[in-house]
Amino acid sequence: MLGTEALAGLALEAGGYYVDATFGRGGHTALILEALGREGRLLALDRDPQAIEAGRRRFADEVRLTLVHASFADLGAIVRSHAGDRACRGVLFDLGVSSPQLDDPARGFSFRGDGPLDMRMDPTRGEPVASWLARAGIDEIRQVIATFGEERFARRVAQAIVSARQKSPLTRTAELATLVAGAVRTREPGKHPATRTFQALRMFINDELGQLERGLTGALEVLSPGGRLAVISFHSLEDRAVKRFMQRAAQVDPALKHLPVVPVQARPRLKLIGRKERAGEAEVTRNPRARSALLRVAEKLP
Ligand SMILES: C[S@@+](CC[C@H](N)C(=O)[O-])C[C@H]1O[C@@H](n2cnc3c(N)ncnc32)[C@H](O)[C@@H]1O
C-alpha cells in the first residue's frame, strides 16, 4: 500500500542498507529490491512465521535480502546484530494485518467466515483471544473494546460476551461476530457492526501500540544521520501514535529547552518530511482497504 509514495519517502540510495519492518507478502520488499543496486542490502522482519516462510520461497534466490522471524519491537537489537558496520539508511513500517492474515479464517482475524477465535499474528507465542475472553473481567473487556476499538457500545458488548460465556465458551469468530452485532445498536455505513470490537481485540492481544512505540524507538536509534523513517498506518489510533512519536522527536526535549545551552541529548532527533500522504484514487479503486492508509515520513538528524 502507498508503495510508490513510501519508496519516494525512503529516498533510496542504490548501495544503502534498509529495513522493511513488516514484510507481509513482500510487496514493499520487492519494490525496494528493484530500486537497490548490487551493493544494496535489505533486512525484512515479520512476526508472522507464515509470512517469513512465504518470503523465503518467493525470494529464494535474492542474496541482498535477509528475512528474520521477529517482532519489530526488537528492531534495534536485530539491526545491530545483522547490519555489521553498514549504516542504516531507512526503515519502513506498513502497520496492521496483511490480506493473507485477514482472508484466512483459520487465523481468526475476520468476522467474515468462521474460524477459531485466535488473532495472534505470531501463533507461536502469546494467548489467543478465546482464552483471554474466557478469563478477563467484564470491566477489562469493556475497557479494551472502548480504548482500542473506540466502540460506543463497549459496555453492552462486554456484557453480551460475559453472559454468553456463562453458557458455553466463546471459541469461534462467527459466534463472536453475531453476538457483537446483537449488542451494537448503530450501523455505520459499509462497516460490519463487529469491526470495532475485532480491531480492539486484535490490537490488544498483539500489543500493537506497545510494539509500535518500541519499534519506532529502535528505528530512531539505528538510523544513521540523513536516514529516513517511513510509516504507513491504517487507522487513527496508530496514526496518532506515529504522529506523536515523530513530533516529540522533532522537538527539543521540553524539560531541557530552557537551559542556556541545550545539551546534545535534548536536541531534536528527527526532521519531519512533507505532509501526511494518502493513497491515490487509482490505488483505492484497485484496493479499497488502501482508503484508510496514511504515510508519514521523517529524517534522522545528525
Ligand atoms: C500490512 S502488512 C504488510 C504488507 C507488506 N508491506 C507487503 O507489501 O506485503 C503488515 C505485516 O506486518 C506484520 N506485523 C505486524 N506487527 C508486527 C510486529 N510487531 N513485528 C513484526 N511484524 C509485524 C504482520 O504480521 C503483517 O504481515
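In which sense do strand 2 and strand 3 pair, and over how many bridges? In this predicted model, strand 2, made of residues 41-46, pairs with strand 3 in the parallel sense, and the pairing runs over five bridges. Within this pair, aspartate 46 stands opposite histidine 69 of strand 3. As a general rule, the strands of a sheet are held in pairs by backbone hydrogen bonds, in either a parallel or an antiparallel manner.

These two strands belong to an open sheet of seven strands, whose order is 3-2-1-4-5-7-6 and whose pairing is mixed. At the edges are strand 3 (65-69) and strand 6 (270-278), each of which pairs on one side only. On average, neighbouring strands of the sheet are turned by 15 degrees against each other, direction ignored.

Helices pack on this sheet, and two of them may be followed here. Helix 1, residues 3-10, touches strand 1 (17-20), strand 4 (88-94), strand 5 (223-233), strand 6 and strand 7 (294-300). The direction of helix 1 makes about 165 degrees with that of strand 5. Helix 12, residues 236-249, also packs on the sheet, where it touches strand 5, strand 6 and strand 7. The direction of helix 12 makes about 20 degrees with that of strand 7.

Attention now turns to charged side chains. In general, side chains of opposite charge can pair when their charged atoms come close. The count for this model comes to 18 salt bridges.

One of them joins arginine 296 and aspartate 239, with 2.7 Å from N to O. Because arginine 296 lies in strand 7 and aspartate 239 in helix 12, this pair ties together parts that are 57 residues apart in sequence. Both residues, arginine 296 and aspartate 239, are buried.

Helix 12 also supplies arginine 240, whose side chain meets that of glutamate 150 in a salt bridge at 3.3 Å, N to O. Glutamate 150 lies in the loop between helix 7 (138-149) and helix 8 (154-167), so this pair links distant parts of the chain, 90 residues apart. Glutamate 150 is partly exposed, at 35% relative accessibility, and arginine 240 is partly exposed with a relative accessible area of 35%.

A further salt bridge connects arginine 120 with aspartate 118, the closest N and O atoms being 2.9 Å apart. Residues under 20% relative accessible area count as buried; arginine 120, at 12%, is therefore buried, and so is aspartate 118, at 15%. Finally, salt bridges with shared partners join Glu188, Lys191 and Arg196 into one network.

Notes
Residues are numbered from 1 along each chain as its sequence is written. This is a predicted model: local features need pLDDT of at least 70, side-chain atom pairs count only at pLDDT 80 or more; totals for chains, interfaces and linings use all residues. Side-chain values use heavy atoms; hydrogens and water are left out. Two strands pair if DSSP finds at least two bridges between them. Helices (H or I, at least four residues) and strands (E, at least two) are DSSP runs, numbered from the N terminus. Axes are lines fitted to C-alpha atoms, for helices over the stretch in contact, and angles run from 0 to 180 degrees between N-to-C directions. Contact means heavy atoms within 4.5 Å. A salt bridge is a side-chain nitrogen of Lys or Arg within 4 Å of a carboxyl oxygen of Asp or Glu. Buried means under 20% relative accessible area, exposed over 50%, partly exposed in between (1.4 Å probe, protein chains only).
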